[in-house]
Amino acid sequence: MKSLRSALPMAMAVLLCGTCAAGAQRMPPMNRTEAAQLYAAGRFPIVNDQPSNACRAPAKPTITFLDLNGDKRPEALFIDRGPCYLPEKAWFSIAAKGADGQWQQLIGRTGSVRALATATRGWIDLEWQHGGKTWPLRHDGTAYTAPIAAPTGVVSTTAPSAAATTQRAAPSTDAAIFLAAGFKRRGNTWRSDCDDPGTATYTPGAIESRSDINGDGRPDAIVTEGGTYCYGNTGTAFWIVSQQSDGRWTLVTRQTGIAEFLKTRGLNGWPDLLVGGPGFCFPVLRWNGSAYMPNRKEYQGKPCK
C-alpha cells in the first residue's frame, strides 16, 4: 500500500473511468456473512442469494477496492447501471470498514463520481455529477457530504471556496441530528428504535446528506439506516430533520424507502417527496405545512396506479 500522495492518482484513475482496474487493490478476504454486510452497506441488500438494487431488482454492481485515506485499509467503490437510476442510469456508493469491523456507507448517489487532486482530513475529495449539475463532496470525519451551505442541495459547478471545502458540522451537531431523528448511540454507532439484533444486512444510522432542502437558509439533514430485519424487502429507511430558528433540530418525516426530492413543491418551500422502494409505482408525499402527506403516485415522472 502506498502513501495517500501516491494513492491520489491511482484512486483518480479508478473513479474517473468507473470500472477500470487501474489503482485497484485485491478484494480483502471475507466470509459469506461479511460479504453480505458489505453489499448491504453499498445499498445492495442480498435477496434470494443475489444483490438487489433500489428498485428491488437483481443487480450486478462492480466493486473496486482502493484506499481513499491512506490508512492502508481499502474502501469499496460500487458502480451499478440500469433503468433504476434515472436520468443517468448510473449509481455509485462507497463503503468503508469501521473500527468495529462492520462496513458502513460513506456516500451513495444516483449519477457519477470522480476524484479531485485534493484531500480533506486525509480523505480524497470527490465530485458528484447528477442531473447536469455538480456537487463537491468532502469527508466530514464520518462520511462524504456536500457542504451544509449548499442551497436546496444544488452546488455551483464553479470551484468551492476554501471555507466550503473544509466546512464540517461539530460532533455536537451530528448528535443533535441523530437525536432529533430518534436515534440512540450504541458504542460507535447510532441506531433507531428498531434495534436490529445484528443481522448481516444491517447498516447503522448515517447522516447521508446536509443541505438547505426548503430554502429557508437553515440546514436540513437526511439520516438513513439499512437492513431487511427492520425494513423488509425495501431494506432501508430515512429520516428528514430540520434546524429551527432557535438552533434546535426537529423531525420532519420518517419513511421506509429511498428519498427522492422532486421539482414540485408544497407549502413553505418543501419539495414533493417520492419514496422509492420495491415495485414500479411509488408514493409522492407533499408538505401541508405541518407534515408530509400522500399526494399521488408516480413512476419515472408519470402518474401510475
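This report describes the pockets, cavities, strands and nonpolar cores of a predicted model.

The model is predicted, so local features need pLDDT of at least 70 and side-chain atom pairs count only at pLDDT 80 or more, while totals for chains, interfaces and linings use all residues. Residues are numbered from 1 along each chain as its sequence is written, and side-chain values use heavy atoms, with hydrogens and water left out.

**Open and enclosed space**

Rolling a probe the size of a water molecule over the atoms shows where empty space is left. Here the search uses a 1 Å grid over the protein atoms alone: a cavity is a set of points where a 1.4 Å probe fits but cannot get out, a pocket is an open set with protein on both sides within 12 Å along at least five of seven lines, and lining residues have an atom within 4 Å of a point. Grid points are joined across faces, edges and corners, and a volume is the space filled by probe spheres set on the points. In the whole structure, 2 cavities of 30 Å³ or more are found.

The table sets out two of these spaces. Ala, Val, Leu, Ile, Met, Phe, Trp, Tyr, Cys and Pro count as nonpolar, Asp, Glu, Lys and Arg as charged, and the others, Gly among them, as polar.

| Space | Volume | Lining by class |
|---|---|---|
| Second largest pocket | about 780 Å³ | 15 nonpolar, 11 polar and 10 charged residues |
| Second largest cavity | about 30 Å³ | 4 nonpolar, 1 polar and 1 charged residues |

The second largest pocket has 36 lining residues, and Gly98, Gln104, Gly141, Thr142 and Asn188 lie nearest its centre. Strand 13 (203-211) is among the elements that supply at least two residues of this lining, and its 6 residues are the largest share. Helices (H or I, at least four residues) and strands (E, at least two) are DSSP runs, numbered from the N terminus.

The second largest cavity is lined by Gln105, Leu106, Ile107, Ala206, Ile207 and Glu208. Strand 6 and strand 13 are the elements that give two or more residues to that lining.

Strand 13 runs antiparallel to strand 14 (residues 220-226), joined by 6 bridges; two strands pair if DSSP finds at least two bridges between them. Within this pair, Thr203 stands opposite Gly226.

Thr203 is also one of the contacts of Gln37, along with Gln102, Trp103, Ala200 and Tyr202, leaving aside neighbours within four places in sequence. Contact means heavy atoms within 4.5 Å. Gln37 belongs to helix 2 (residues 32-41) and is buried, with a relative accessible area of 4%.

**Nonpolar cores**

In soluble globular proteins, nonpolar side chains tend to be buried together. A nonpolar core is a set of buried Ala, Val, Leu, Ile, Met, Phe, Trp, Tyr and Cys residues joined through side-chain atoms within 4.5 Å. The largest has 18 residues, and Leu68, Ile94, Leu126, Leu137 and Tyr144 have the most contacts inside it. Strand 8 (123-130) is among the strands that supply at least two residues, and with 4 residues it gives the most. The contacts of Ile94 beyond four places in sequence include Leu68, Leu77, Leu106 and Leu126. A second, separate core has 15 residues, including Ile177, Val223, Cys230 and Tyr231.

How values were computed:
Buried means under 20% relative accessible area, exposed over 50%, partly exposed in between (1.4 Å probe, protein chains only).
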